[in-house]
Amino acid sequence: MPDPAQPIIQIRNVTKRFGKVTAVDNVSLDILAGEFFVLLGPSGCGKTTLLRMIAGFELPTEGQILIDGQDMAGIPPNKRPVNMVFQSYAVFPHMSVADNVGYGLKIAGTGRAERDERVREALELVKLHGFADRMPDQMSGGQRQRVALARSLVMRPKVLLLDEPLSALDAKLRAQMQFELSELQDQVGITFVTVTHDQDEALSMAGRIAVINKGEVAQLAAPSDLYEYPANRFVADFVGSVNLFEGKLTLDEADKAAVDCPGLGRVYLNHGVTGPHGADVWIALRPEKIYLHVPGEGKAIRAAAQDAPDGYNLARGQIKGMSYLGDITLYEIKLDGGPMIRVSRPNLSRRDQEHFTWDDRVSMHWRADSPVVLLN
Amino acid sequence: MSLQNWQEHKRPFAAIAGAPILWLALFFIVPMAIVWAYSFGENSGAADIVISGTLHNYKRAIEALYLSIFFKSLAVAALVTLICLIVGFPVAMAITFASDKWRPWLLLGVMLPFWTNLLIRTYALMTVLGGNGYANKALGALWGSASWLRTLVGLQPLEVWTPVQLLYNNFAVVLGLVYVHLPFMVLPLYSALDRLDRSLIEASLDLGAGHLRTLSRIVMPLAAPGIFAGIMITLIPALGAYLTPDLMGGTDSQMIANVIERQFKRANDWPFGAALSFMLIYAMFALVALQSLRGRRKPAQVH
């Protein structure tokens with residue numbers, strides 16, 4: 001059993017160049033034993049290249065990858081203590097499910113009896129008992145993926161690598177598999193490293209997420225930290241939906257700060273940000289953290305004053321667009337100062353969405369701890 | 001108008017397919033039918049053939065003399081096919097895994113011989129293999145330098161180099177046929193390998209298999225249709241090869257096509273030539289039937 005405090009994978013200053021293109025740019029990461037680690041980023045950000053370097057299918061141009069303390073330089077994929085679930089699943093089409101799952105064990109020279117037993121266990125683990133004699137072309141995409149999972153898990157790798165494991169599944173199945181993958185990881189205790197471009201997938205499954213942008217790690221954090229405390233504009237924008245406003249830091253003390261944003265007004269915060277006075281900063285404000293009010297009501301002002309004691313976090317505007325999504329309604333509001341802002345509102349009762357409609361004048365307020373000040 | 005279903009659009013389909021079908025019927029099926037009919041006929045006079053329905057020609061065709069030539073042709077063709085497969089598979093692999101920049105050029109290299117006349121290619125090969133050809137000159141030079149090296153260390157020099165007989169024997173025929181038929185093998189292999197999902201190979205490596213086992217357990221089984229197509233497309237023309245054994249072979253290396261040619265031309269025995277030709281065609285039918293049988297068995301193979 002690996003030591004949980006010891007990183008199972010150490011990526012040290014790894015750079016990968018394809019010709020003139022730098023796919024991975026000086027990345028250093030530690031992945032801990034037993035965690036569910038997710039590499040999240042837009043397509044072409046280098047996350048898959050990073051995964052393939054761990055598996056051994058690509059070699060780093062510079063830098064070092066250590067698995068369980070051992071340098072992987074010069075070690076081919078078939079000798080590494082990791083296994084991969086491919087995006088296309090790569091289930092061998094000419095072999096039955098049992099032969100697919102038993103392939104690695106057969107190569108390793110495991111005896112027939114033990115092999116059969118472990119194949120049976122692995123198929124049970126992914127809930128495919130009774131499918132042992134099926135051929136892959138008689139199975140659905142979701143089932144094929146389970147075969148690929150079982151085929152890797154049966155090898156008892158130190159790390160399981162998953163390349164966009166859910167991208168080919170439909171939405172319902174994807175949600176179910178997100179849950180099942182987390183459960184499976186709990187059950188087997190193997191380190192999972194998953195690559196995805198889907199933030200929902202990352203947030204729901206991961207213990208920690210590394211957001212990758214243009215070959216670099218933009219932020220490494222737990223899902224809730226990533227969402228609530230994004231480190232920069234890229235992360236704030238990529239993970240979830242956000243309103244971004246450029247502004248100047250005009251007040252910055254230990255327990256309060258204020259940012260002047262043209263078009264939005266002065267934004268008050270109930271904590272310091274430790275940025276230079278007058279610096280150009282950005283305010284990130286999540287749509288669900290903005291409260292909508294009908295204008296002219298003292299309620300809005302009272303609420304704003306309560307949530308931001310040093311000043312009103314208040315804005316006014318007119319609804320220009322709305323989309324009803326069932327659980328929430330999204331509003332596009334044109335601020336009196338000019339820019340657009342997005343606000344989401346939960347539909348707590350059946351007729352909630354009827355309160356506001358197109359061209360309504362509205363007031364908005366938000367709490368003093370809701371905006372995030374970003375320095376870059 | 002959609003033309004996806006010929007049953008719904010009989011007339012436009014007839015208009016489009018009519019000309020080629022007519023062409024095929026007129027210039028392929030009719031002459032073949034005539035030759036087939038000849039195979040049941042006998043000579044009457046210098047230029048007349050009577051279709052009498054006799055099986056005499058076939059009886060002659062299965063005499064030991066002709067049957068042995070037929071089986072020898074089959075053996076030569078099979079050997080040629082095997083060599084083509086052994087040589088062609090790595091070539092097809094190399095083309096498949098070459099970079100995008102190189103692949104078209106390598107494919108061009110394989111196809112280039114197609115654009116050169118077979119006769120010219122055969123004569124070119126003959127100049128290489130001849131008694132004073134480059135192959136013998138190179139071997140002679142090697143021999144000479146080996147001899148010279150022996151004198152350096154104080155040994156007796158070797159005997160004078162006598163050119164090796166590389167031409168006008170069975171070896172030359174096999175070499176020539178391999179040379180001519182290699183592209184036929186490489187192209188179907190390449191197209192099968194190119195269709196192979198690369199991640200299957202990576203998955204095999206990932207699961208601990210080395211390159212050789214990945215080749216034998218994943219790549220070859222999945223490329224089997226291409227391998228089989230390559231075998232058929234090489235074996236059939238090699239079986240009926242005429243020019244190569246005629247030009248490069250010796251007295252003992254004639255193949256069935258050379259015997260057939262002699263019946264039509266020198267012996268002026270068209271009925272017997274026709275019967276021999278159709279023996280060859282029946283054999284090819286059998287091979288093709290074997291292939292389609294294999295194709296049909298495939299779903300049943302799923303265990």
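Tutor: In chain A, strand S1 (residues 7–18) and strand S4 (residues 62–67) pair in the antiparallel sense over five bridges. The model is predicted: local features need pLDDT of at least 70, side-chain atom pairs count only at pLDDT 80 or more, and totals for chains, interfaces and linings use all residues. Residues are numbered from 1 along each chain as its sequence is written, while chains are lettered from A and ligands numbered from 1 in the order in which they are written. Strands (E, at least two residues) and helices (H or I, at least four) are DSSP runs numbered from the N terminus, and two strands pair if DSSP finds at least two bridges between them.

S1(A) and S2(A) make a hairpin with two residues between them, and Gly19(A) in the turn has a positive phi of about 60°. The open sheet has four strands in the order S2-S1-S4-S5 of chain A, with antiparallel pairing. Its edge strands are S2 and strand S5 (70–71) of chain A, each of which pairs on one side only. In general, strands of a sheet pair through backbone hydrogen bonds, either parallel or antiparallel.

Elsewhere in chain A, helix H4 (residues 141–153) has 13 residues and reaches 18 Å from its first C-alpha to its last, close to the 18 Å expected at 1.5 Å a residue; the expected span is 1.5 Å times one less than the number of residues. A residue is buried if 20 or more other C-beta atoms, placed from the backbone, lie within 10 Å of its own, exposed if 12 or fewer, and partly exposed in between. Ten of the 13 residues of H4(A) are buried, so H4(A) is largely enclosed by the rest of the structure. Among them are Arg144(A), Val147(A) and Leu153(A). The buried residues of H4(A) pack against strand S6 (82–85), helix H2 (97–108), helix H3 (112–125), strand S7 (159–163) and helix H5 (171–188) of chain A. Ala171(A) lies in H5(A) and counts as exposed, with 9 C-beta neighbours inside 10 Å.

Chain B comes next. It has 13 helices and two strands. The radius of gyration of chain B, taken over C-alpha atoms, is 25 Å, well over the 19 Å that the globule rule gives for 303 residues, so chain B is more spread out than a compact globule; the rule is 2.2 Å times the number of residues to the power 0.38. Of the 303 residues of chain B, 27% count as buried.

Finally, 17 residues of chain B are in contact with 19 residues of chain A, where contact means that C-beta atoms, placed from the backbone, lie within 7 Å. On the side of chain B that touches chain A, helix H8 (198–206) and helix H9 (211–222) of chain B each supply at least two residues. H8(B) gives the most to that side, with six residues.

Definitions and conventions
Contact = placed C-beta atoms within 7 Å.
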